[in-house]
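User: Could you walk me through reading salt bridges, burial and strand pairing in a model like this one?

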Amino acid sequence: MNRARLVGVVALFALAGCSQGTPAAAPSAPSASSTSSAATPAASAPAGFASGDVRISLVRQLSSGDYFEQWLAGAQAEAKALNVKLEVSSGDGNNDKQALNLEQAVTSKSDAIIVDHGFAQTVQPAIKKAADAKIPLVAFDVDPGTPGAITLDQDDHQIAEQALGALKADTGGSGEVVYVYVAGFAPLDRRDETWNRFKKDNPGIKQVAQIGVVNSSTASAVADQAKAALQAHPGAKAIFAPYDEFAKGAALAVKELGLGDKVKIYGADVSTADIGVITEPGSPWVATSATDPSNVGRVAVRAAALLVAGSQVEHKLTVPPTLITQKGLRDAGITGVEQLTKAFPSLATPDVARVPWAAS
């Protein structure tokens, strides 16, 4: 989640979340599947990987919530497949604690570091120390502020574009919309850029209210705000909520107000809990644009492993999203994220950060 400061709250998603820089000169190689497989490795593992001596520190801002739990599960599974020791720490939503954890990862001389979300101003000084110590670093959804770091992001502009495309198709390009947004988180800020362009390109869409909060109970807080906004703007027929906790809160508000036939929700990100909300009878949440968080966690570990091995990695790695609709989930009988890639195969990204010595 690199811009205005929001202290002491969690970073997102999907998020989310900020990447800078240009691709390295070397072309990217096709990547290993985002799910573990049991084929023969294409090349011999470097010595450190073969012996299990490679240590990668995963320094997270937040660990609670479906998205973050699935992201971690993917990272841990990939680390196991690559015979890597993954040392995980979490700031538990506290930016200063995350920065301290990052300092400790540098001091302990990890072979590589992954920074998972965070507030740019608090993590960038420690990231610079990692660069000065020649420790390879992958930054997911946070601006590392250091040219040498690899950035990994979801394509947040495309996430917003896909969700808003569904909103436009369903509304005919006109109508009052409630927007959920909190500034200061890289993924949300990028999605906000797309929302502002969308409004200019579609003057029939009228933003009548902006709500949003990020804290330890985001969904319930947003639900209260959404109820007030919908009551103040009875003509609203859509909510753009580009973070799954926002969308869950908005869905709760719509349900409590009995507006499920009138107000539809267009969100971002996906988890098993989200799928349950989207597919329940009468749910107003009709579409979400997302990446598979488990897959993104795997990509982060693969990128870090390649750096440890001295392999060339694109300076900016981007995981493209997929539009997931309520109808598509229901038609395929999807009840959990583990089933998603079969129904939506584009969620797998086998061309991102392939590890040539891994099973593929």
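User: Is Glu256 buried or partly exposed, and how do I read that?

Analyst: Burial goes by relative accessible area: buried is under 20%, exposed is over 50%, and partly exposed is in between (1.4 Å probe, protein chains only). Glu256 comes out at 48%, so it counts as partly exposed. Keep in mind that this is a predicted model, where local features need pLDDT of at least 70, side-chain atom pairs count only at pLDDT 80 or more, and totals for chains, interfaces and linings use all residues. Residues are numbered from 1 along each chain as its sequence is written, and side-chain values use heavy atoms, with hydrogens and water left out.

User: Which side chain does Glu256 meet in a salt bridge?

Analyst: The general idea first: side chains of opposite charge can pair when their charged atoms come close. The cut-off here is a Lys or Arg side-chain nitrogen within 4 Å of an Asp or Glu carboxyl oxygen. Glu256 meets Lys227, at 3.0 Å from N to O. Glu256 sits in helix α8 (residues 244–257) and Lys227 in helix α7 (residues 218–232), so the pair ties together parts that are 29 residues apart in sequence. Lys227 is partly exposed too, at 25%. Elsewhere, salt bridges with shared partners link Asp141, Asp153, Asp156, Arg190, Arg191 and Asp269 into one network.

User: How many salt bridges are there in the whole structure?

Analyst: The search finds 15. One of them joins Arg60 to Asp116, with the closest N and O atoms 2.9 Å apart. Arg60 belongs to strand β1 (residues 55–60) and Asp116 to strand β3 (residues 112–116), so this pair ties together parts 56 residues apart in sequence. Arg60 is buried, at 0% relative accessibility, and Asp116 is buried at 1%.

User: Which strands does β6 pair with?

Analyst: Helices (H or I, at least four residues) and strands (E, at least two) are DSSP runs, numbered from the N terminus. Two strands pair if DSSP finds at least two bridges between them. β6 runs parallel to β7 (residues 205–211), with 6 bridges, and parallel to β8 (residues 236–241), with 4 bridges. Gly175 has Ile205 in β7 as its bridge partner, while Tyr179 has Phe240 in β8.

User: Why is β6 described as largely enclosed by the rest of the structure?

Analyst: Because 5 of the 6 residues of β6 (residues 175–180) are buried.
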